[in-house]
Amino acid sequence: MIKRYYTVHKFGGSSVANAERFVEVKKILTGTKEVIVVSATKGTTSKLQLLMDNARDGLAWQEELAALEKSHQIIIESLLPDNKRGDLLQVIGHDFATIANVFNTVSQIGNYSTDIQDFILGYGEQWSAQILTAYLALSTNTLYLDATKVLYSYKKDGVVCIDWERSEAALINYFQDKKFDQLVVTGFIASTPEGKRTTLGRNGSDFSGAIFAKLFHAIELIIWTDVDGIYTAHPAKVKNAFCIDTLSYKEALELAYFGASVLHPMTIAPAQDDNIPIYIKDSYNPAAPGTYISHTSTKSEHGIKGLTYVDDIALINIEGAGMAGVSGSAARIFQIMQQCNISVILISQASSEHSLCIAIANKFAAKAIEALNTNLQFEIETGQINKVTADTTCAILAAVGDGMIGSPGVAGKFFDTLAKANINIRAIAQGSSERNISAVIDSKDINKALQAAHASFYLADQPIAIGLIGPGGIGAALLNQIAAARDSVKAKNKVDLCLRGIMSSKKMILAENALDGDWKTNFEENATEADLDKFIEHLLSDDIPHAVIIDCTASNELSKQYLSFFNKGINIITPNKHANAGDLDYYRQIMAASHKKGCHYLYEATVCAGLPVISTLQDLVKTGDEVVTIEGVVSGTLSFIFNELGKGRIFSDVVREARELGYTEPDPREDLSGQDVARKLVCLARESGYSVSLSDIQVTNLVPEALRSCSIDEFLTRLPEFDGTIMEMAAKAKANNEKVCYAGKIHEDGKITVAIQSVAESHPLARLNGTDNILIFQTSRYNSSRPMVIQGPGAGAEVTAAGVFADLLRLTSYLY
Ligand SMILES: NC(=O)C1=CN([C@@H]2O[C@H](COP(=O)(O)OP(=O)(O)OC[C@H]3O[C@@H](n4cnc5c(N)ncnc54)[C@H](O)[C@@H]3O)[C@@H](O)[C@H]2O)C=CC1
Ligand SMILES: N[C@@H](CC=O)C(=O)O
Ligand code: NA
């Protein structure tokens, strides 16, 4: 049994960026039984590299090298009292003089070897470690260890390996006669078997931390960095990403491999070998729990632990009839890749063995293609294999978690989410470890894919980008309803309603979320000139996985854009009847486009406002019921007018009032002419499967001839001249205990009739109040003696907006 004694800490460059950070490091440490591995101060290694390149290329380096020396001097001067600085300043001054000599030589030769590079780049860690040693030594027995004295590494096939036996022996030997409370060790550097300074590769300090943890059989390894831990996804790409509490070594390895740059993948093996737990913690926020990595695998309630990605991937597809059943095809391909020193990141082969797909780093694509085409020349010439090409615009998205093992449905959810976000999957791989499911997708989709998958797995704030066009009566009521319900929708449905823009016929506002604050003031004060292209571009920016246009206009012109919206993958919700009641060919095209593009088209409020008419009819049809007839009153405005005329009111007054109350179309003549009624009946008939058009319907036009083509204002002003006819009709009906109503019917053969009729006050069509609509469905299941009846207010901003809002929530439930 190993006696575990030390805690190994590793501080990255950001944790020792300046004197204040060194002070914080000291506060984090306990002062005893500690081995502290440090990186160079932030930016130092890259700076040394850059200046060495400058020297090679004949560019200036002197001034910046002096600045680098100065920055180290400043740290020393702020941390150490006068009498403790001298030695260190001298050592560092000497180092910089050596570097300057080397750079002079490099600039004369115009080149440098990897030995020189390793020699130069290793200085940064020596400076930071010596500074920290001197600073800690002010209060404890602190020793400095240059890792090159004990850590031996070598390279095998380009990979850095540790000579564990030699290193352990060297360490034991080195510490035979030394005692310390705290030991500060240089990260990143090691010694070659010949005893020369070398480096462990980019970000090698994490690896150093793990190596020393293993060499010291540490209690634990704590990697201090500048983020709270390992996140569920890259926080710069996914706003709602959060820190993962626990990971198994294997999960951490999967996440680290795919670029969770918080942790270097090579860090895991040494700790895992010796069963040393790793903490990833934030030196800027040491109280935060961080991420704990150990042997223990805990299932996540979310199904997966994290999402990760690699960009700049090329997908190479090798296919041909000659591959099937031929043993060794895959081996040959991998051999060719190995000869070119190209690492294969992902492999996928279908069981038909007809094709093999490999993903490699983009920068190797040309080399790989050339090697494959040359080496497979015989097979290509004889037609057994097709010429090999690469698609260089790919990225890999991976879902990682031990919890996927044996949990059916995780892969299904992953791919389903990507499909719903309209993301094309080019290749798929899941290892038999079931710990990682990877999908190769177009690199332009990576941000959207990350957001979609994250929202879907973490059930946290599934975002939808909303563009509202037409903030008039209905649009404004809808925005108010959304603003009021936004928080509860977020809490209950986990949906984040992101109002990305509002556009009227003249003005628009583009925002990250126009619901932050008062949308109306925002729109009034900050709107710019309306521009549909810019509006759409903004709606689709920010990689929110799903977008919807809510068209609250009465514009025929805008309805002509639906096809292009669907073609851009945008969902549509609308109370505007023009698309569904307009040109039959166009109607069919938009229905087909929405299916083809996987977009949703929801239009409940086009018929009878918020009453559940369209969804009910769709349910009847979907479940195999057959519509026999549909009849009723579908105009809220006309219902209101006849109800009020029945009370003896003046026609023109009532029309004006209906308009003011927001019941009428923007032009009330649309209602009075019967056009609005006809449109609704066409919508219903088409929904029932009939190919009908507006021109098939004979309507009764209640707009006086003389007022049919004037302006709306003139129409309203002159309407009183024509009050007589219609009021007489209403009075006559009343005298007969009847009521006038404007009703429509879709007959068994699909024919539509609209008629203004006088019916007994006891008739269902007459028993309507206010803006009530009524629809009577006779179907195979709901026969003539017991039809299905839907009745209630059929116009008005609040009820209509509620119907549109319900469509919006329905849409979000389809998306994730
Ligand atoms: N008022 C009601 O009770 C009901 C209305 N509807 C439908 O709702 C839609 C809106 O009706 P209301 O709000 O009453 O009309 P409204 O006239 O109050 O509002 C229409 C809005 O659309 C904007 N607009 C018009 N053309 C535009 C274009 N090309 N681009 C951008 N913006 C444009 C206008 O600036 C205005 O803000 C209509 O299609 C109507 O048929 C449906 C059911 C009930
Ligand atoms: N103007 C319409 C509104 C609903 O579509 C009506 O009055 O019914
Ligand atoms: Na409706």
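The buried residues of helix α18 are covered by elements that include β19 (462-469), β20 (495-503), β21 (507-510) and β23 (547-551), where contact requires C-beta atoms, placed from the backbone, within 7 Å. Helices (H or I, at least four residues) and strands (E, at least two) are DSSP runs numbered from the N terminus. The model is predicted, so local features need pLDDT of at least 70 and side-chain atom pairs count only at pLDDT 80 or more, while totals for chains, interfaces and linings use all residues. Residues are numbered from 1 along each chain as its sequence is written, and chains are lettered from A and ligands numbered from 1 in the order in which they are written.

Helix α18 spans residues 532-540, and its buried residues are Phe 535, Ile 536 and Leu 539; a buried residue has 20 or more other C-beta atoms, placed from the backbone, within 10 Å of its own. These residues lie on the same side of α18 because they cover an arc of only 95 degrees around the axis, taken from the directions from the helix axis to the C-beta atoms. Asp 542, which follows α18, has a positive phi near 75 degrees.

An automatic or database domain assignment gives domain 1 (7-227 + 262-294), domain 2 (306-458), domain 3 (462-606 + 805-815) and domain 4 (614-795). The centres of domain 3 and domain 4, taken over C-alpha atoms, are separated by 28 Å. Ten residues from domain 3 and 13 residues from domain 4 form the contact. On the side of domain 3 that touches domain 4, α21 (578-581) and α22 (584-596) each supply at least two residues.

Terms used. Buried ≥ 20, exposed ≤ 12 C-beta atoms within 10 Å, placed from the backbone. Contact = placed C-beta atoms within 7 Å.
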